[in-house]
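Visitor: Hi, I'm new to this one. Could you show it to me and walk me through it?

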Amino acid sequence: MNGFFDIPSDLQHSWSGLIGLHLREALLPVLAGLVAALPLAQLCVRFRWLYPPVLSLTTVLYAIPSLAFFVVLIDCTGQTELTVMIPLAVYSLVILVPAVVDGVRSVPPETLAAATAMGLGPVRRYAQVQLPIAVPAIIAGLRVATVSSISLVSVGMLIGNQGALGNLLHAAVIYQRPELAVNSVVTTAALAVLADGALVLLRLLLTPWMPRGTRRRKPGTARSRPDAAAPALEEADR
């Protein structure tokens, strides 16, 4: 068991240090992708003709292998974390842009009409009404993008040990220590599960109006559907 956590000194990090590095390289690109996806998705909702080319562009960029991205970027950013994080941020757009667009488009027209009648302009209506109602769809996209990013960070081991926990895979081959590979796989999977669970908890906190589970209904009773727009409109009215 001691060998499992005995990290080679040439990796310049302890096991906990590699975990912190892995999370930084995985989560910052997703955050950057979300910041870029929010205004881009709003443009796609407002100008419907823009959505197909934007979706096609993000899909084409997602199809570029990460190694090819590294080759293009390495002359500008060198063998650094930034070289790993830029492709991950770009990859996240193919998931986050459709998620935000679908979430915003799911807002009922009568809700938008009520927000407009309350004097909310396009920006405030988007930030205070549409985005809160779109939270479940956005969180769903974030869950996929985050787990994908956590797994792809390991590819960074190909450019100067920038793969965080993925560096253990390379070290396992060099030092003939298979327990390091097991450490990398198990820890990465655990981080993905924990990150996904944290996002589920975040959704529960941000959407108290959503049902927490299904309950059996008595025969003849109609299922009550919570008005998702009400909390957003009440908050906007303040």
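Predicted model: local features only at pLDDT ≥ 70, side-chain atom pairs only at ≥ 80, totals over all residues.

Visitor: Where does Ala-89 lie?

Guide: Ala-89 is part of helix H4.

Visitor: And which residues is Ala-89 in contact with, leaving aside its neighbours within four places in sequence?

Guide: Pro-29, Ala-32 and Gly-33.

Visitor: Let me step back a bit. How many helices and strands are there in the protein chain?

Guide: The protein chain has 9 helices and 0 strands. Going along the sequence, the pattern reads α-α-α-α-α-α-α-α-α.

Visitor: What share of the residues count as buried?

Guide: 42% of the 238 residues in the protein chain. As for contacts with a separation of 6 or more, 73% of them join residues 24 or more positions apart.

Visitor: OK, what about cores? How many residues does the largest nonpolar core have?

Guide: It has 26 residues, and among those with the most contacts inside it are Leu-96, Val-97, Val-100 and Val-101. At least two residues of this core come from each of helix H1 (15-46), helix H2 (51-63), H4 and H6.

Visitor: You mentioned Val-101. What is it in contact with, beyond neighbours within four places in sequence?

Guide: Val-101 is in contact with Ala-41, Cys-44, Val-45 and Tyr-51. There's also a second, separate core of 24 residues, including Leu-18, Val-153, Leu-168 and Ala-172.

Visitor: Switching topic: where is Leu-165?

Guide: Leu-165 sits in the loop between H6 and H7.

Visitor: Is Leu-165 buried or exposed?

Guide: Leu-165 is buried, because its relative accessible area is 0% and anything under 20% counts as buried. Leaving out neighbours within four places in sequence, its contacts include Leu-18, Ile-19 and His-22, and also Ser-184, Thr-187, Thr-188 and Leu-191.

Visitor: What about His-22, where is that found?

Guide: His-22 is in helix H1. His-22 is buried too, with a relative accessible area of 0%. The C-alpha atoms of His-22 and Leu-165 are separated by 6.2 Å, although the two are 143 residues apart along the chain.

Visitor: Which other residues is His-22 in contact with?

Guide: Leaving aside neighbours within four places in sequence, the list includes Ile-150, Val-153, Ser-154, Gly-163, Ala-164 and Gly-166. Thr-188 and Leu-191 are on it as well.

Visitor: Now helix H8. How many residues does it have?

Guide: Helix H8 covers residues 178-206, so by that numbering it has 29 residues. From its first C-alpha to its last it reaches 42 Å, close to the 42 Å expected at 1.5 Å a residue.

Visitor: Which residues of H8 are buried?

Guide: Leu-180, Asn-183, Ser-184, Thr-187, Thr-188, Leu-191, Ala-192, Ala-195 and Leu-199.

Visitor: What do the buried residues of H8 pack against?

Guide: They pack against H1, H6 and helix H7 (167-174).

Visitor: What sits in the loop between H7 and H8?

Guide: Gln-176 is found there. Gln-176 counts as exposed, because its relative accessibility is 70% and exposed means over 50%. Its phi is near 50°, a positive value in a residue other than glycine.

Note on methods. Residues numbered from 1 in each chain as written. Heavy atoms only, no water. Core = buried A, V, L, I, M, F, W, Y, C linked by side-chain atoms within 4.5 Å. Buried < 20%, exposed > 50% of the residue type's maximum accessible area, 1.4 Å probe, protein only. Helix = DSSP H or I, 4+ residues; strand = E, 2+ residues; numbered from the N terminus. Contact = heavy atoms within 4.5 Å. Expected span 1.5 Å × (residues − 1).
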